[in-house]
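Here is a guided walk through one protein model. Keep the sequence and the 3D view side by side as you read.

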Amino acid sequence: MEKTNKPNLFLVGSPKCGTTFLWNKLKKHPKIFSPKFPEKEINFFSYENLKNDSYYKFYGVSKKDDYLNLFKNSSDENYLMDSSVSYFIDQEAPKKIFKFNSESKIIIMFRDPVQRAFSHHSMDFRMGLASNSISKYLIDSQFKKFYVQYVQNSMYYKYSKNYIDAFPKKQILIIDFNDKKNMCEKISTFLSIDFDKDFFDFSERINSNKVPKNLISKYFQRNRQITTVLKKYLPKKIINKFEPYLYSNKINIERTDEDKKILEGLLIKDWTSFKKMIS
């Protein structure tokens, strides 16, 4: 594969399905280049929709020149990688990416849709963005933005199909994050690059559920653009030194049978169609 001068590998989500794990591994491969600041969630192809509809206060990069500059330090890598999970449910992102680079390869991660929704709610809860039970966000119309995050991101058929309609099938890889036995081989074949035997170390914990301990860490959690700047200028050893003073271990949120029942009712049709599509 020839060298490229613009992004051609997109990890588009779905959120809470192992995309961060995959990105963290792939960026270490000599044939794959990943930007430094921001490292991921660049959100160039979903910027406007995020700005208008998202409650996460980080929208990424809006200008094309700024976007391309993120990749200017690449050398002879085969792939320039953009990992942005907001691209998954953005209706316009698949067509925008295809127009930008029709040779791009797309990787979509999935897991059990109900468990994915629970995980997403837990993330928002520890970040201080959610304070109600997940059922409250699913049945109360005033929480539409939360509904989108928890339900729409679990509709794998609906949003994977947007990419299938936009790209040739050979340029899309859909992976079950729990299929760890075959993940390495599938990605190696898809990207036509080799991995060392232990390249995908599943024992390593990536993107753990850290809980803010104080107002400072809560501020960082809610304002990711600030943490991105800090990571750019502060050595990693300094960040690691102060992390125990800012964050504690994950919290467990009790889930009820009613929570699960509501989610299953909202997702069963899409989940059934998705399983047929990938079988």
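This is a predicted model: local features need pLDDT of at least 70, side-chain atom pairs count only at pLDDT 80 or more; totals for chains, interfaces and linings use all residues.

Residues are numbered from 1 along each chain as its sequence is written, and side-chain values use heavy atoms, with hydrogens and water left out.

The protein has 13 helices and seven strands. These are DSSP runs, numbered from the N terminus: H or I of at least four residues for helices, E of at least two for strands. Of the 279 residues, 49% are buried. Buried means under 20% relative accessible area, exposed over 50%, and partly exposed in between, with a 1.4 Å probe and protein chains only. Contact means heavy atoms within 4.5 Å. Among contacts between residues at least 6 apart in sequence, 77% join residues at least 24 apart.

Now the core. The largest nonpolar core holds 70 residues. Such a core is a set of buried Ala, Val, Leu, Ile, Met, Phe, Trp, Tyr and Cys residues joined through side-chain atoms within 4.5 Å. Tyr-67, Tyr-163 and Ile-187 have the most contacts inside it. Beyond its neighbours within four places in sequence, Tyr-67 touches Pro-7, Phe-10, Ile-42, Phe-44, Phe-45, Val-61, Asp-82 and Phe-100.

Next, a helix pair. Two packed helices are described by the angle between their axes and the distance between the axes. The axes of H4 (residues 93-100) and H8 (residues 156-166) come within 9 Å and cross at roughly 30 degrees. H4 and H8 are therefore roughly parallel (angles under 35 degrees). From H4, Ala-93, Pro-94, Lys-95, Ile-97 and Phe-98 meet Asn-162, Tyr-163 and Ala-166 of H8. The residues of this contact divide into six nonpolar, one polar and one charged.

Two residues remain. Is Ser-135 buried or exposed? Ser-135 is buried, with a relative accessible area of 9%. Ser-135 sits in helix H6 (residues 134-139). Leaving aside neighbours within four places in sequence, Ser-135 contacts Glu-258, Asp-259 and Ile-262.

Tyr-147 lies in helix H7 (residues 144-150). Tyr-147 is partly exposed, at a relative accessible area of 23%. Its contacts, neighbours within four places in sequence aside, are Tyr-137, Leu-138, Gln-152 and Leu-266. Tyr-147 and Ile-134 are 13 residues apart in sequence and 9.0 Å apart in space, C-alpha to C-alpha.

Methods: Axes are lines fitted to C-alpha atoms, for helices over the stretch in contact, and angles run from 0 to 180 degrees between N-to-C directions. Angles under 35 degrees count as roughly parallel, over 145 as roughly antiparallel, 65 to 115 as roughly perpendicular and the rest as oblique. Ala, Val, Leu, Ile, Met, Phe, Trp, Tyr, Cys and Pro count as nonpolar, Asp, Glu, Lys and Arg as charged, and the others, Gly among them, as polar.
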